[in-house]
Amino acid sequence: MADFETPELFKNIHVPKPVPGTMESVGPFIAKPDHQTDLGFPAELVDNWEEKAIDAMGVAVTKYRGLRVFLDACVKCGSCTDKCHYYIGSSDPKNMPVARQDLFRSVYRKYHTPAGKFLSKLGLEWLIGAKSMTKDVLDDWWNYYHQCSECRRCSVYCPYGIDTAEITMAARDVMAQVGRGMKYNNEIIGKVYKIGNNLGLPERALADTLEGLEEDIEDETGVKVELPLDRKGVDILLVTPSADFFAEPHVDGLMGYAKVFHESGVSWTLSSKASEAANFGLFIGSYDNMRKISLRIREAAIDLGVKRIVYGECGHAWRVGYSFLNTLAGPFDFLDQNYPIPQHICEFTHDLIQKDKLKFDPSENDWMTLTFHDSCNVARASRMGDKPGGQFTIPRDIIKTVCNNYVDMAPETIGEGTFCCGGGGGLLTDDLMPVRVKGALPRMTALTNVVQDEGVTHMAAICAICKSQFTKVLPYYNLGMDMIVSVHQLVSSALILTSRDDEEDESEAAPAESSTE
Amino acid sequence: MALEVNGKSYEVDEEGYLANLNEWDADVAAALAASDDAELTESHWEVINFLREYYEEYQIAPAVRVLTKAIGKRLGKDKGNSKYLYELFPYGPAKQACKYAGLPKPTGCV
């Protein structure tokens, strides 16, 4: 890993003066040939890659009309320039969203607009900022499209609503199609196809892990709470990021979901086939891979004969689930239409709280003062509940129900304007640590302020990437790595469990109780 | 990329993880640690040996929780916590200990 400096922490979000070139040559590891071919991409950079890239770009702007609009509409007003966490943390002007987009836009202008085609014949394409597809351009794409976490904060402030994430996704897809894929994302998608999840956790290891968690809950609470795997005929299939089976504090959240299901009386299961909610097909902008990954969830739901699908705490999975699941893997006419398809675990828990079905002792969390980090894909690309802004109020309502001490961070850094953790969009890899640490600066600024001024001790999140990213970057900013917690970990600590007798525990499904929620 | 141990060359990836799990032995482990300026003590070996055993059984490294629980059972409660493991492997027990044990790096949102 390259040596780098942690950026200076200012009292408020500080927009630096641009320093060109500070983030050059920090691109991620390139995918190995089999990481590429597993996903249907060429093993390595193809011979006539310039031509192939131009063609792939042409297909993209024809197939995705929004992309063409985003490329055509920018008037260079500059509203986005100071909105990106990677620009704020790195000072590199190519991380201003407009400049990053222009790396793609300038090539698009030359080959796929009437003005560009005409002026190119006269050698005057530079008049409209059009550029040829060259190795230097490719290298710039490789660097800077892996310094965008597709968080869409800049889009909130764009008067035209240009979605930078779409442009980043398109650029990454074009690169993968000509044989330049990213190791971290592509290796992981390959594991989803071969083993079933991002971690590469085989079924037997998953079963053993779940059994261990059941033991832990029983040791701790004296109550037998199940974490069933591949149980047929139950009400709910829970799909959750595989980090929930492996990492801290994720696993504490998983135990929280299990306890909530236990208390609800609704029967549920995890699936070894769909043992992953994440969908990295989104990050690499590949519709085909996104669809293939989504279809596993449909197949698992059919195989297991469930009535509902619930998603665990995973930011981009919820975006794919909430916004695209029906077109990617639908129709879901075989599921119970009385419930959201899919439903978020926070919606599920919140609903039970509203109906007074859960009993809590919030004093169990009194040793902490909480704040909440809105994850970008939940905040800006989806919703929860039946009211606008439900994705902001529902998780906070849950936290405030189970914790007595809660404080929000500065308003311009949360909600719709939330800052990315710095590791989203497929950048959560050690080879991008400089990018991740610098990109975390705005969130670390807002967090440090509530730690110092309000006595905040912990920050909760509902995204596996956010949780892992913070665990890693908090120490760079002199904060404890264990400050980050899962929302359902807080639920888990405060929830008062009721024992059920053994006979009920043995029953495969509990249809009589399915309507109580 | 390659790692030289006792005159033999071993393939490793960009981050120094051993490419072929079956080539691993105690000398390779020591060399992998040396490339990070780390020295393996008896305490490190207790963890590394458990990781190898678990991998053989389940084809994946254990979760941190599984690891702390197992270490606690074998070596006493004072060692069965992530603080102890982070002291031994400051870059994270999952990643750093796996590397010296010759196991692939855990991937995903971890």
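Q: Which other bond is cis, with omega near 5°?

A: The one from Glu248(A) to Pro249(A). Pro249(A) sits in a loop too, between β1 (236–239) and α12 (250–264) of chain A.

Q: You mentioned phi. Which residue has a positive phi although it is not a glycine?

A: Arg152(A), at about 70°. You'll find Arg152(A) in the loop of chain A between α7 and α8 (153–157).

Q: Zooming out, how many helices and strands does chain A come to?

A: Chain A has 22 helices and seven strands. Its C-alpha atoms fill a box of roughly 85 × 50 × 40 Å along the principal axes.

Q: How does the radius of gyration of chain A sit against that of a compact globule?

A: They agree: a compact globule with 517 residues would come out near 24 Å, and chain A has 23 Å.

Q: How is chain A divided into domains?

A: Domain 1 covers 33–181, and domain 2 covers 190–407 + 456–513. Their C-alpha centres lie 34 Å apart. Where the two touch, 14 residues come from domain 1 of chain A and eleven from domain 2 of chain A.

Q: Which helices of chain A supply at least two residues each on the domain 1 side?

A: α8 and α9 (164–177) of chain A both do that. The largest share of that side comes from α9(A), with five residues. By class, the side of domain 1 of chain A that touches domain 2 of chain A has six nonpolar, two polar and six charged residues.

Q: Let's look at some helix packing. At roughly what angle do the axes of α5 and α7 of chain A cross?

A: About packing in general: two packed helices are described by the angle between their axes and the distance between the axes. Here, the axes of α5 (residues 97–112) and α7 (residues 135–144) of chain A cross at roughly 145° and come within 10 Å. The crossing of α5(A) past α7(A) is left-handed.

Q: Which residues make the contact?

A: On α5(A), look for Arg100(A), Leu103(A) and Val107(A); on α7(A), look for Val137(A), Asp140(A), Trp141(A) and Tyr144(A). Five residues in that contact of α5(A) with α7(A) are nonpolar, two are charged and none is polar.

Q: Switching to chain B: what pattern does it follow along the sequence?

A: Chain B reads β-β-α-α-α-α-α, which comes to five helices and two strands. The C-alpha trace of chain B spans about 40 × 30 × 25 Å along its principal axes.

Q: And the radius of gyration of chain B?

A: Chain B has 13 Å, and a compact globule of 110 residues would be near 13 Å, so they agree.

Q: What are the domains of chain B?

A: Domain 1 is 2–34 and domain 2 is 42–100. The centres of these two domains of chain B, taken over C-alpha atoms, are 20 Å apart.

Q: How many residues does the contact take from chain A and chain B?

A: Chain A puts in 28 residues and chain B puts in 16. On the chain A side, α10 (183–194), α11 (203–221) and α20 (464–473) each supply at least two residues. The most comes from α11(A), with five. The side of chain A that touches chain B divides into 16 nonpolar, six polar and six charged residues.

Q: Last topic, confidence. What does the model score?

A: The ipTM is 0.93 and the pTM is 0.95. Chain B has a mean pLDDT of 92, with 100% of its residues at 70 or more. For chain A the mean pLDDT is 95, and 96% of its residues reach 70 or more.

Q: Where is the pLDDT of chain A below 50?

A: Over residues 505–517 of chain A, a stretch that has 19 contacts in the model beyond near neighbours in sequence. Where pLDDT is low, the predicted coordinates should not be read in detail.

Technical notes. Residues numbered from 1 in each chain as written. Chains lettered and ligands numbered in written order. Predicted model: local features only at pLDDT ≥ 70, side-chain atom pairs only at ≥ 80, totals over all residues. Axes fitted to C-alpha atoms, helices over the stretch in contact; angles between N-to-C directions. Helix = DSSP H or I, 4+ residues; strand = E, 2+ residues; numbered from the N terminus. Left-handed = near helix turned anticlockwise from the far one by under 90°. Contact = placed C-beta atoms within 7 Å. Nonpolar A, V, L, I, M, F, W, Y, C, P; charged D, E, K, R; others polar. Domains from an automatic or database assignment. pLDDT = per-residue confidence, 0-100. Rg over C-alpha atoms; globule rule 2.2 N^0.38 Å.
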